[in-house]
Amino acid sequence: MSAFLFMATGLVSITMAIAIYIFNPYDLIFKWKLKFEKDGEVYNLWAKPPVDLYLKVYLFNITNSEDFLAGKDKLRVQEVGPFVYRELLSHENITFNSNGTVSTIPKHPLVWQEELSEGNSEDDELILPNIALLVSSNTKEK
């Protein structure tokens, strides 16, 4: 009985090894799961990703703008934030072209998340420095 069981196990193992060699299940699963076609799994994940992306913005508010502009004081800033936005990523007008490429219009609208913005409001009035102007005015010619 044990010799029959041993031979049957060996025959099944050899048959499975040959099937794995011929059909290569890794490639079959790879091609089956990663096909980029309409209503495919990867396509649906790409067209409208099921993840929540958040953008946190910190700004520097100038607290003494009148005194600074009058030349009475150095520039003083206060960090304000975070202002939190949720990004609703999606791809619209998806077209599969005949040359194997895909054309689309990506959309990245931002939605204000008041409950995550730690006491900040989108209507807060801030006086912000013009960073590009500050950098260009501070560069030295050589």
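Q: What distance separates the centres of domain 1 and domain 2, taken over C-alpha atoms?
A: In this predicted model, local features need pLDDT of at least 70 and side-chain atom pairs count only at pLDDT 80 or more, while totals for chains, interfaces and linings use all residues. Residues are numbered from 1 along each chain as its sequence is written, and side-chain values use heavy atoms, with hydrogens and water left out. The domain assignment gives domain 1 (1-32) and domain 2 (35-122), the bounds coming from an automatic or database domain assignment. Taken over C-alpha atoms, the separation of the two centres is 51 Å.

Q: Is Ser90 buried or exposed?
A: Ser90 lies in strand 3 (residues 90-96); strands are DSSP runs of E with at least two residues, helices are runs of H or I with at least four, and both are numbered from the N terminus. Buried means under 20% relative accessible area, exposed over 50%, and partly exposed in between (1.4 Å probe, protein chains only). Because its relative accessibility is 11%, Ser90 counts as buried.

Q: Which residues does Ser90 touch, not counting residues up to four places away in sequence?
A: Contact means heavy atoms within 4.5 Å. With residues up to four places away in sequence left out, the residues that Ser90 touches are Ala47, Ile105, Pro106 and Lys107.

Q: How far apart in space are Ile94 and Ile105, C-alpha to C-alpha?
A: Ile94 is placed in strand 3 and is partly exposed, with a relative accessible area of 22%. Ile94 and Ile105 are 11 residues apart in sequence, and their C-alpha to C-alpha distance is 7.2 Å.

Q: Which residue forms a salt bridge with Arg86?
A: A salt bridge is a side-chain nitrogen of Lys or Arg within 4 Å of a carboxyl oxygen of Asp or Glu. In the bridge of Arg86, the closest N and O atoms are 2.8 Å apart, and the partner is Asp52. The pair links distant parts of the chain, 34 residues apart: Arg86 in strand 2, and, in the loop between helix 3 (41-47) and strand 1 (53-62), Asp52.

Q: What is the distance between the closest N and O atoms of Asp73 and Arg76?
A: Asp73 counts as partly exposed because its relative accessibility is 27%. Arg76 is also partly exposed, at 45% relative accessibility. These residues form a salt bridge in which the closest N and O atoms are separated by 3.2 Å.
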